There are 2 protein chains.
Amino acid sequence: MTISKKSASVHQVEPDDKEPTSVAGLALENRLGYALRRAQLTVFKHFNEAMQAYEIRPAQFSSLVVIEGYPGITQTNLAKILDIDPPRIVSLINHLEERGLALRVRCKRDKRSHGIFLSKKGEALTEQLKALAEQSDIQATQSLSEIERRQLLSLLVKIYAPDTADE
Amino acid sequence: MTISKKSASVHQVEPDDKEPTSVAGLALENRLGYALRRAQLTVFKHFNEAMQAYEIRPAQFSSLVVIEGYPGITQTNLAKILDIDPPRIVSLINHLEERGLALRVRCKRDKRSHGIFLSKKGEALTEQLKALAEQSDIQATQSLSEIERRQLLSLLVKIYAPDTADE
DNA sequence: CGCATATAGTTATAGTTGTTAACTAGATAG
DNA sequence: CTATCTAGTTAACAACTATAACTATATGCG
């Protein structure tokens, strides 16, 4: 294997002279996937700190909000909406049920499926968490104006759900 | 545990009547963290498909690009730039080294550290992959105009690297 | 009816990733 | 020369992802 002299001359020849600390100037800076991942990690870090006291993880929060909006939703539909695999839903709902936040109700018409509902406790918590999550979003994006934040949101929706993005 | 009648009346009382398929209208639709994650998954899916033939994962691609830009960079600095933990870097570089794409060179001044360089083969591949990644970005964001794509990128950089975002 | 097929939920399993602690070799400060 | 620090590594473990297979129920059709 031969070391490339060409690339070696781009910035430095001896190892570790410049102590680079960012991807500024690299091709990576223009990659959407990279930027999305880094931004997501940043926002999630804030979110997790905010939710730490409640021991709620991102997927659990999403589930609570969807169940709140569609009480009685089946696990299959919840999986479809959140785009996660059915097996993940099982342990997710188990956990919420163990904590007394949600419960399964066997559906009379189709005894294979369960409707999922929030308990009073789950509903109260969800209300609290939604407010917390909004604050967390704002804290994580201090460098953005409210307008930019809305712009960003609308661009992201266009990517992951181009059909439902408002036209 | 009591089922909340209030939330149960928001959309439906019986399980699974409406077969909801999106988060439209829910609080989730306005959560940046959720939107970022979903958008990231969408873009990564395209990326992984594009890279499948080369068996390159996102973190490997990022590493290749950074090493190309900073030949001789130490593993510690690579870890800092990409914000991943040092132990992850080890297996990452091991893999690149096994495939003959990169190599460690023991630094003479500090024999603890290694400078990492691309091989000719690694450099050639990186050039190819950068072009592929750009195409993949565009494919994954068909619903965005070129201007929107640039807007998005700039907003994301402001979030994960507010210091380096152009002022 | 009775058979074949499909679906909801679950369980088990394995591969991947992320995190932490601890170890080794070499560097550095007093 | 000793104590402390740092780069890299290894190992252990939790978390997440993806897949396959199983159970119970439902549905379509001859």
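Okay, so where is the place of Ser63(A)? It's in helix H3 of chain A, where a helix is a DSSP run of H or I with at least four residues, numbered from the N terminus.

Quick housekeeping. This is a predicted model, so local features need pLDDT of at least 70 and side-chain atom pairs count only at pLDDT 80 or more, while totals for chains, interfaces and linings use all residues. Residues are numbered from 1 along each chain as its sequence is written, chains are lettered from A and ligands numbered from 1 in the order in which they are written, and side-chain values use heavy atoms, with hydrogens and water left out.

Back to Ser63(A): at 0% relative accessibility, that serine counts as buried. For us, buried is under 20% relative accessible area, exposed is over 50%, and partly exposed is in between, with a 1.4 Å probe and protein chains only. Beyond its neighbours within four places in sequence, Ser63(A) is in contact (heavy atoms within 4.5 Å) with Leu78(A), Leu82(A), Leu92(A) and Leu96(A).

On that helix, residues 58-69, you'll also find Phe61(A). Phe61(A) is buried as well, at 4%. Setting aside neighbours within four places, its contacts include Phe47(A), Leu129(A) and Lys130(A), plus Leu28(B) and Arg31(B) from chain B. Lys130(A) sits 69 residues away from Phe61(A) in sequence, but the C-alpha atoms are 8.4 Å apart.

Now, the core. The largest nonpolar core has 89 residues, and Val66(A) and Val66(B) touch the most other members. By that I mean buried Ala, Val, Leu, Ile, Met, Phe, Trp, Tyr and Cys residues joined through side-chain atoms within 4.5 Å. Again leaving out neighbours within four places, Val66(B) is in contact with Val23(A), Leu26(A) and Leu28(A), and with Ile73(B), Leu78(B), Ile81(B) and Leu82(B).

Last, two loop residues in chain B. Glu55(B), between H2 and H3, has a positive phi of about 55 degrees without being a glycine, and at 62% it counts as exposed. Asp83(B), between H4 and H5, also has a positive phi, near 55 degrees, but is partly exposed at 45%.
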